[in-house]
Amino acid sequence: MKIAIYGKGGIGKSTISANLAAALSLSGKRVLQIGCDPKHDSTRLLLGGKKITTALDYMKEVPVALQRLGGVLHQGFNNIVCAEAGGPEPGVGCAGRGILSTFALFERLGLDMDRFDVIIYDVLGDVVCGGFAVPLRKGFADRVYVVTSEEFMSIYAANNILKGVKNFDTNEHRLAGLILNSRGESEERTQVERFAEKVALPVVRTVPRSDRFRQAEIMEKTVVEAFPDSPEARVFHGFARSVMENTRFYPAICLDEGCLEQTISMGREPGIDIQPSAWDAPDAPAETVTDPAADATPVFLSKSMMTREPLHGCAFAGALATTTQVVDAITVAHGPRSCTHIAFQAIFSAGLRLRTQKNMLVANQLAPAVISSDMDENTVIYGGNDTLARTLEAAVEKKPRALFLLTTCPAGVIGDDPDAAVRQIRARNPDLPVIPITTDGNLRGDYMQGVLNACMEGAAALMDPTVRSEADLVNVIAEKNIAYNAEANFKTITNILGQMDIRINCRFVRNTRVKELKGFLRAGLNLPAYTDYFGRIMADFLKERFGSPTASLPFPVGFTDSKLWIREIAAFFSKEEKGEAIIDTFQARYETLIANYRNALKNKRLMIITYVHNVDWILEAAFDLGMVVSKVCILNYSQDNRFTTRYSGRFEVETDYPPRQRDEDLNRLRPDILVGNYTPKSLPFPVHVDTIPMCPDVGFYGGIAFARRWASLVKSPVNEGWKNDGI
Amino acid sequence: MMEFDCQTIAPDSFTGAIMAVEGISDAAVLLNGPTGCKFYHGSISEILLPRAEYLDPLYYSEEFYFGQPRVPATYLDDYDYVFGATQKLEKILPVVAEKGHSLIAIVNSPGAALIGDDLERFIKNACLPVPCIAIENTGFSDSFAAGFQDGVIQVIKKVDPRPGTTQKHRVNLMGLSIFHHHWQGNVNELTTLLNACGIEVNTVLCAGTTIARLGKLATAECNLVIHQEYADQLAPFLNDRFQLPTLMPPVGAPIGFEATEAWIRDVCHSLDLDPGPAMAIIRSARKRSHEVLNRFNSLTGLPKGATFAVSADSSIALPLVTWLYNYLGMVPVAVKLAETVDCFVDGLNAFLHRIDCADALNADMAGATPDIVIGSEADISRQRLAGYPFSGIDISLPAASHIHVVEKSFMGAQGTLYLIEKIINGLFRGM
């Protein structure tokens with residue numbers, strides 16, 4: 001049972017929620033209470049006044065990799081589990097967004113709601129924005145109580161809440177009734193009764209005004225705990241029984257303002273709130289709750305998310321770059337046009353570069369199948385679910401094989417509920433896979449997180465787990481869709497595999513189709529294009545979710561890597577002889593190339609400063625050419641965090657290289673050639689500089705290709721004339 | 001081949017506002033938003049109006065810049081949306097102020113606009129030596145033109161140009177942003193024609209101008225509009241504030257010989273000047289055009305009868321379609337208009353009816369199989385995917401990957417010759 005208790009701020013929701021929770025727990029129920037109020041005092045009386053870490057503070061302070069449910073769940077009176085969302089100071093930020101983030105955190109950490117008999121959401125105010133309406137969404141509260149007093153503003157707020165409930169109620173009603181938290185015997189309760197009559201909702205419980213609430217408050221307990229035999233406690237025990245037994249729910253009927261004013265009398269002096277004002281929490285920490293099952297749930301997070309680095313790009317753009325690779329699917333982007341435009345540009349420019357440099361027309365890069373909901377000012381203010389549903393319908397009319405839905409920051413901030421629109425579309429098109437992917441712009445992560453989510457929640461959702469593997473088929477995984485040489489590399493790999501009679505089954509996820517994704521498991525082995533952070537996460541995910549194995553080596557660059565890669569695959573498919581034959585054909589040519597350039601480059605000193613975390617392909621060429629590698633400097637990079645080399649000990653190496661150290665190193669090491677991903681300026685002395693790509697061309701000659709260039713580079717003037725023409 | 005014909009996604013008012021400020025050489029946008037909104041705008045503004053000496057990201061590795069010289073950002077994340085970006089804003093303002101800009105515009109991303117951070121308060125509390133403005137809401141899915149003009153207006157309000165002595169025959173150009181392809185070449189070409197008639201261009205609002213030049217905008221005798229869609233809000237604002245009259249182009253932007261002549265005549269008439277010198281330049285270009293076309297036409301019969309498609313704002317589409325038809329004898333088969341203020345739609349519609357090509361308006365470009373496609377590279381790429389032979393001319397962004405060393409123009413006399421060169425070579429290749 002999931003109960004949402006709504007009401008105007010300061011009306012006594014938290015006191016009622018806490019007492020109800022206490023009464024329910026004493027009747028043997030396992031109870032979870034979640035405070036959805038920035039003032040985070042919903043569970044204070046259940047915790048004996050102990051201060052607890054709110055979910056939002058926890059998210060801020062604890063690295064994602066170390067986050068556990070125990071950090072946000074706390075044990076209160078009679079084993080009631082308590083949590084507080086928390087939120088910003090008044091006047092800054094967006095408290096509604098905080099509620100959304102809290103629920104996303106619970107979901108990510110694997111909070112098992114089924115562990116509890118009763119969950120109580122204690123929710124602030126009068127549903128002012130989407131965040132506070134989260135408990136009304138399908139899957140959260142299955143019954144709603146609205147707390148009011150006799151005052152006009154309280155009834156006004158109750159009426160607003162009914163509007164919110166009405167918006168979220170579709171087929172089933174969830175309203176269970178009004179709770180009157182009385183301001184005192186002198187108060188005029190007839191206006192509450194008139195309101196209740198007009199909205200056809202019973203006052204299911206009246207909480208009388210009593211000094212015992214104040215006394216219990218001082219003791220930092222609920223009345224149920226502090227005065228268990230009091231009439232006030234009996235009110236809540238009775239209420240708990242009626243909550244559990246209640247099977248009657250009412251449609252949400254709300255009044256327009258004129259009608260509301262007519263219904264209830266105006267101009268009364270406000271009563272005295274039975275609730276205390278703000279409290280000073282003692283420092284003693286509350287006992288935390290652990291959930292072993294949840295803590296074992298694997299979490300697939302990008303490097304930036306894992307280490308709480310600044311987020312590079314947004315999950316929306318990363319996901320869009322991925323879902324648009326499924327060429328017979330359409331992606332609906334819910335947000336302002338600017339979001340889709342920005343993400344579109346990244347996809348398009350990669351396609352344009354392919355066309356210009358490689359003369360390749362890749363349709364899904366030049367004209368990606370994406371439709372923007374073009375969220376406007378009205379949508380932002382009044383919610384965008386209707387707009388989204390219309391956009392999804394427009395996409396369905398184009399008859400795609402699958403539909404992906406991505407959301408932007410504004411959609412996330414206003415708390416749109418895309419699942420509601422998705423349910424509508426699914427109901428009308430039961431055979432069409434409609435797949436929402438966690439993005440909310442960058443609210444749910446960076447570009448890489450979007451790529452991961454699109455692969456894991458999007459493309460993987462299409463896979464048929466009943467498919468059995470077939471002989472000599474492989475999948476390609478973890479290609480980089482923004483790499484301009486991805487297609488050329490794929491062709492090289494396809495060619496080598498073809499020589500071993502091995503075919504590609506599915507590319508996960510690049511230039512593929514729904515049918516290929518469905519049959520993903522036909523392949524017995526996955527070949528990672530890269531084994532960087534992305535590649536490793538993909539391999540782990542496919543193993544964990546589908547038991548699908550991935551080769552240990554990435555697409556090879558350079559001679560040795562290519563040799564090892566072929567041997568690994570050949571061994572897996574028992575094609576060792578064919579593999580060795582391929583290697584032999586490349587060996588002689590490689591040695592000839594090396595011999596051609598060795599004289600020019602022998603003993604030349606090479607220094608490398610790069611974001612690339614695997615440079616063995618360059619090092620191999622350098623060592624084979626007789627060059628001296630002075631130092632390899634690895635810069636921090638948002639996409640990877642593991643530097644590896646098989647040439648360990650043969651050169652100086654520094655990871656997390658501080659750029660300011662460059663000049664000192666150059667002066668000390670005096671390299672002949674400095675290699676990096678960009679050409680630096682203002683060097684301390686003239687030196688030949690060259691650039692290497694972030695994603696090199698794969699194959700036996702990947703490294704040696706640079707030897708030819710360096711052989712001519714060292715013959716060129718160390719300072720070109722044009723450099724003197726700068727202003 | 002495209003599986004689905006989804007529309008190309010055009011930039012909106014958010015990008016428009018950023019381009020308005022980044023179009024001022026010594027002003028800078030400080031983005032209160034995530035890096036996802038930053039990287040594209042940081043990159044495109046540096047491409048369109050280069051300022052940086054270095055492109056190596058290591059030169060911009062300090063906080064807020066993320067390896068780019070332009071558009072520093074507060075890199076908002078989920079937590080900032082909940083709690084506000086107070087700390088980051090307090091920290092970033094002095095960092096950006098140290099860079100020597102003449103004006104800083106804090107622009108909220110669409111998501112940040114929803115939080116309601118009081119940007120003015122941060123500006124006030126920071127006590128910076130640099131003038132700052134806050135653009136708290138650039139709009140959601142509004143047109144690029146709306147965001148651009150709003151950005152320009154807010155900059156002008158801050159710069160607060162003093163009404164000085166009006167300099168006779170001095171003008172401001174407006175209705176042009178750095179987001180217009182070949183903006184610099186077009187400005188150069190139009191300036192050449194205006195200078196020939198004794199007209200001085202004070203500034204361009206806001207493409208390649210400076211804060212100092214904007215400070216003198218009220219000394220101009222009038223404003224000359226290039227693209228009306230990008231000046232319909234700006235013109236009344238300047239008139240109200242500075243009593244600066246604005247000349248709207250009579251038949252759209254000065255594209256093609258006729259529209260250029262009409263534009264320069266109209267300007268000279270208003271300023272009581274002789275258009276003769278500019279007309280002489282155009283005549284010379286016409287002569288060169290005739291030499292080339294005469295030879296090409298003699299050998300091929302083209303460009304007469306060749307078909308074309310245009311995807312553009314109406315201020316470009318009307319003069320372009322008119323010129324291609326009247327001057328080159330080419331036939332429109334598809335004309336797609338951008339979703340901006342449709343200043344010249346009626347005129348275009350009437351023209352297409354008159355030449356019996358009414359069906360071309362909003363016709364499917366791929367199905368129309370034109371010989372020449374004029375639009376953005378996105379339009380041209382879509383046409384390539386349709387599989388029919390044609391030649392493309394990119395006149396708007398996103399543009400082709402060609403690196404232009406010599407500045408190009410498609411306006412004025414030289415611009416018209418450039419279009420002719422592209423068209424006849426395109427047709428020649430397709431033969």
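Into which domains is chain A divided?

1. Chain A is divided into domain 1 (2–263), domain 2 (303–462), domain 3 (473–555) and domain 4 (581–725), with bounds that come from an automatic or database domain assignment. This is a predicted model, in which local features need pLDDT of at least 70 and side-chain atom pairs count only at pLDDT 80 or more, while totals for chains, interfaces and linings use all residues. Residues are numbered from 1 along each chain as its sequence is written, and chains are lettered from A and ligands numbered from 1 in the order in which they are written.

2. Confidence should be read beside everything that follows. The pLDDT, which is the predictor's confidence in each residue on a scale from 0 to 100, averages 89 in chain A, where 92% of the residues score at least 70. In chain B the mean pLDDT is 94, and 99% of the residues reach 70 or more. For the complex, the predictor gives an ipTM of 0.96 and a pTM of 0.86.

3. One stretch of chain A calls for caution: over residues 267–283 the pLDDT stays under 50, and the model has 26 contacts beyond four places in sequence for these residues. Here two residues are in contact if their C-beta atoms, placed from the backbone, lie within 7 Å. Where pLDDT is low, the predicted coordinates should not be read in detail.

4. Between the domains of chain A, the C-alpha centres of domain 1 and domain 2 lie 35 Å apart, and the contact takes 15 residues from domain 1 of chain A and 14 residues from domain 2 of chain A. The side of domain 1 of chain A that touches domain 2 of chain A has 9 nonpolar, 3 polar and 3 charged residues; in this division Ala, Val, Leu, Ile, Met, Phe, Trp, Tyr, Cys and Pro count as nonpolar, Asp, Glu, Lys and Arg as charged, and the others, Gly among them, as polar.

5. An open sheet of chain A has 5 strands in the order 18-17-16-19-20, with parallel pairing. Strands (E, at least two residues) and helices (H or I, at least four) are DSSP runs numbered from the N terminus, and two strands pair if DSSP finds at least two bridges between them. The edges are strand 18 (652–654) and strand 20 (688–691) of chain A, each of which pairs on one side only. Strand 17 (residues 628–634) of chain A pairs with strand 18 of chain A in the parallel sense over 3 bridges, and A:Val632 has A:Val653 in strand 18 of chain A as its bridge partner.

6. Helix 27 (residues 705–713) of chain A lies across strand 19 (673–676) and strand 20 of chain A, and runs at about 155 degrees to strand 20 of chain A. Such angles run from 0 to 180 degrees between N-to-C directions, with axes that are lines fitted to C-alpha atoms, for helices over the stretch in contact.

7. Where the two chains meet, 60 residues of chain A are in contact with 48 residues of chain B. The largest share of the side of chain A that touches chain B, 11 residues, comes from helix 13 (337–358) of chain A. By class, this side of chain A divides into 35 nonpolar, 15 polar and 10 charged residues.

8. Chain B holds 17 helices and 11 strands. Its radius of gyration, taken over C-alpha atoms, is 23 Å, close to the 22 Å that the globule rule (2.2 Å times the number of residues to the power 0.38) gives for 431 residues, so chain B is as compact as a globular protein of that length. Along its principal axes, the C-alpha trace of chain B spans about 70 × 60 × 40 Å.

9. Chain B is divided into domain 1 (13–143), domain 2 (170–276) and domain 3 (278–429). The centres of domain 2 and domain 3 of chain B, taken over C-alpha atoms, are separated by 23 Å, and 30 residues of domain 2 of chain B are in contact with 35 residues of domain 3 of chain B.

10. Some backbone details deserve a look. The peptide bond from B:Leu302 to B:Pro303 is cis, with omega near 5 degrees, and B:Pro303 lies in the loop between helix 12 (276–300) and strand 8 (307–312) of chain B. In chain A, A:Glu220 has a positive phi of about 60 degrees although it is not a glycine.
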